[in-house]
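Hi,

Here is the structure I promised to pass on. Have a look at it first, and then read my notes below.

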Amino acid sequence: MPDNKSFIPFGPQHPVLPEPIHLRLVVEEETVVEALPAVGYVHRGLEKMVEAKNVNQMIYVVERICGICSCMHAMAYCQGIEELMNVQIPDRARYLRTVWAELHRMHSHLLWLGLLADAFGYESIFMQTWRIREKVMDILDKTAGNRVIISVNIIGGVRRDIDDDMKKWLLESLDSIEKDLKEIYSVIKDDYTVKKRTVGVGVLTTDEAKELGLVGPMLRGSGVASDIRMTGYAAYKDLGFEPIVEDGGDSYARMMVRMKELFQSIDLIRKALAQLPEGELAVKVRGNPNGEVISRVEQSRGEVLYYIKADGTKNLNRLRVRTPTFSNIAALFKILPGSSLSDVPVLVLTIDPCISCTER
Amino acid sequence: MVSGPVTRLQSREPFEGARGHIDLDISKCTFCMRCMRECPSGCLVVNRSDGTWSVNQFECIACGVCVDVCAQHAITMSRVYRQPAYYKKVTTYKGTPPVKAAKSKGQAPQEAVNKDAVAKEASNA
């Protein structure tokens, strides 16, 4: 070739990628010049299933868009349909939904932390964070019946209850999780090699973050205090929630946002369980929805937006899901050009890609 | 943090309330077909004219919706996950659907009850 460019496929199969995405990197002597994407490896056509499944059966399809944030997808869908049909869910159901959503946020951030450590080559921290994640999986298994896809949200409330024995066991498990997390936090946050590889890598200023339309920890790591939990859906308005913001805009700031959110989730679960009100679990809902609604929920990776259009029959007219990674991928094509080839795994993982959410 | 191996050498018992697979008590089934209508994955096939109720255990997602909607509480969720098999099996139960007795002049209508229910398993290769 007349110039020094070569193409390196950062393929659908790669040790650091949790899900398949293909980037064709145009590299000129160890510096990435351009990144050309090719997506579509996990597209399953789940939005088209509204033509085949009725409104209640769609809950179980929507949960399976992503395995990591599955309960929050079902929560956003149920909140949208409940708003269309003017249904008020009981207080106990709101608090229980919050508890399960925060548990999902914890296990998502622990998974991400393990993958990031593995991208540097720190395999032991990868194993230790996933060992802590197994305790969260046991909590989900005991309270909801299943480890990953928990199927507890229905239109009108929740299906399962957390009684007093389970509450005590849950709080003890949270104490042991917090103890292990503090050890890992103190190891990672001051380590010389971690700082060398993340500080100053993938910098996005506040204006750039707002212009690209980023969501979630990417936005909060660049100094913007924006979190959908501040609007107060489910039980967040009673729990006194403040978003965690870091300045700096580089990968280190985003890592600190996610680690501090882990501790914040443990506090939110403890507060929610202390204030858990008595009452029913669900209200009976009859009839079909009619109209259009937008519902937004803060998933672990950012804000997810559900657009639901119904026309009074038992099948929905249209369901459109705008997942957070869909917005954050724009940042990838801003921070990759100009970076060194060995920084590519860290940069791809710092946006927390969930490709199965992106290509439903 | 470093304190010895943490891997369990045998898998633990499933917790109470874990969702494994579904079983049916055919003597309680009235063939109302509500479970078939509400199933999200379409693994239940209920035939009222033949009196058969079959579930494809390998397509069942163990969501528990059929357990919740059955008015007679005939379907139960077991903790143990379904057993692996060489071929996909469809489990069929045979029962007697309730028969509406014909009303004729001067006679009191009789109600039929389900009895002599027999469960048999048929395997499809």
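**What I found**

Let me start with a detail in chain A: Asp352(A) sits in the loop that runs between α11 (344-350) and α12 (355-358). Keep in mind throughout that this is a predicted model. Asp352(A) is not a glycine, yet its phi is positive, at about 60 degrees. Is Asp352(A) buried or exposed? It counts as buried, because 25 C-beta neighbours lie inside 10 Å.

Look for Ala62(B) in the loop of chain B between β3 (52-56) and α2 (65-69). Ala62(B) has 20 other C-beta atoms within 10 Å, and a residue is buried at 20 or more, so Ala62(B) counts as buried.

**Chain A as a whole**

Chain A is built from 12 helices and 8 strands. Its C-alpha trace spans about 70 × 45 × 35 Å along the principal axes. How does the radius of gyration fit a compact globule? For 360 residues such a globule would come out near 21 Å, and chain A has 21 Å, so the two agree. Of those 360 residues, 46% count as buried. If you take the contacts in chain A with a separation of 6 or more, 70% of them are between residues 24 or more positions apart.

I'd look at α5(A) next, as it turns up in two of the pairs below.

Start with α4 and α5. Helix α4 (residues 123-144) of chain A packs on α5(A) at an angle of about 165 degrees, and their axes are 11 Å apart. An angle over 145 counts as roughly antiparallel, so that is how α4(A) and α5(A) are described. The crossing of α4(A) past α5(A) is left-handed. On the α4(A) side, the contact includes Ile125(A), Ile132(A), Val136(A) and Ile139(A), while the α5(A) side includes Leu170(A), Ile177(A), Leu181(A) and Ile184(A). Sorted by class, the residues of this contact are 10 nonpolar, 5 polar and 3 charged.

Now the other partner. Helix α5 (residues 164-189) and helix α9 (residues 251-274), both of chain A, have axes that come within 11 Å and cross at roughly 160 degrees. α5(A) and α9(A) are therefore roughly antiparallel to each other as well. α5(A) also passes α9(A) in a left-handed crossing. Among the residues of α5(A) that take part are Lys167(A), Leu174(A), Glu178(A) and Tyr185(A), and among those they meet in α9(A) are Met256(A), Leu262(A), Ile266(A) and Arg270(A). What classes do the residues of the contact of α5(A) with α9(A) divide into? There are 11 nonpolar and 4 charged ones, with no polar residues.

In chain A, the axes of helix α2 (residues 70-84) and helix α3 (residues 91-120) come within 8 Å, crossing at roughly 140 degrees. Here too the crossing, of α2(A) past α3(A), is left-handed. Cys71(A), Met72(A) and Met75(A) come from α2(A), and Arg97(A), Trp100(A), Ala101(A) and His104(A) come from α3(A). That makes 5 nonpolar residues, 1 polar and 1 charged in the contact of α2(A) with α3(A).

**A glycine in a loop**

Gly213(A) lies in the loop between α7 (206-212) and α8 (217-220) of chain A. What is Gly213(A) in contact with, leaving aside its neighbours within four places in sequence? Its partners are Ser327(A) and Ala330(A). By contrast, Tyr185(A) is 28 residues away from Gly213(A) along the chain, and their C-alpha atoms are separated by 30 Å.

Chain B has 2 helices and 6 strands. Along the sequence they follow the pattern β-α-β-β-α-β-β-β. Of its 125 residues, 16% count as buried. Residues 24 or more positions apart make up 70% of the chain B contacts with a separation of 6 or more.

Finally, the contact between the chains. It takes 13 residues from chain A and 11 residues from chain B. On the chain B side, these are 7 nonpolar, 2 polar and 2 charged.

Cheers

Key: Residues are numbered from 1 along each chain as its sequence is written. Chains are lettered from A and ligands numbered from 1 in the order in which they are written. This is a predicted model: local features need pLDDT of at least 70, side-chain atom pairs count only at pLDDT 80 or more; totals for chains, interfaces and linings use all residues. Helices (H or I, at least four residues) and strands (E, at least two) are DSSP runs, numbered from the N terminus. A residue is buried if 20 or more other C-beta atoms lie within 10 Å of its own, exposed if 12 or fewer, and partly exposed in between; C-beta atoms are placed from the backbone. The radius of gyration is taken over C-alpha atoms; the globule rule is 2.2 Å times the number of residues to the power 0.38. Two residues are in contact if their C-beta atoms, placed from the backbone, lie within 7 Å. Ala, Val, Leu, Ile, Met, Phe, Trp, Tyr, Cys and Pro count as nonpolar, Asp, Glu, Lys and Arg as charged, and the others, Gly among them, as polar. Axes are lines fitted to C-alpha atoms, for helices over the stretch in contact, and angles run from 0 to 180 degrees between N-to-C directions. Angles under 35 degrees count as roughly parallel, over 145 as roughly antiparallel, 65 to 115 as roughly perpendicular and the rest as oblique. A crossing is left-handed if the near helix is turned anticlockwise from the far one by less than a right angle, and right-handed if clockwise.
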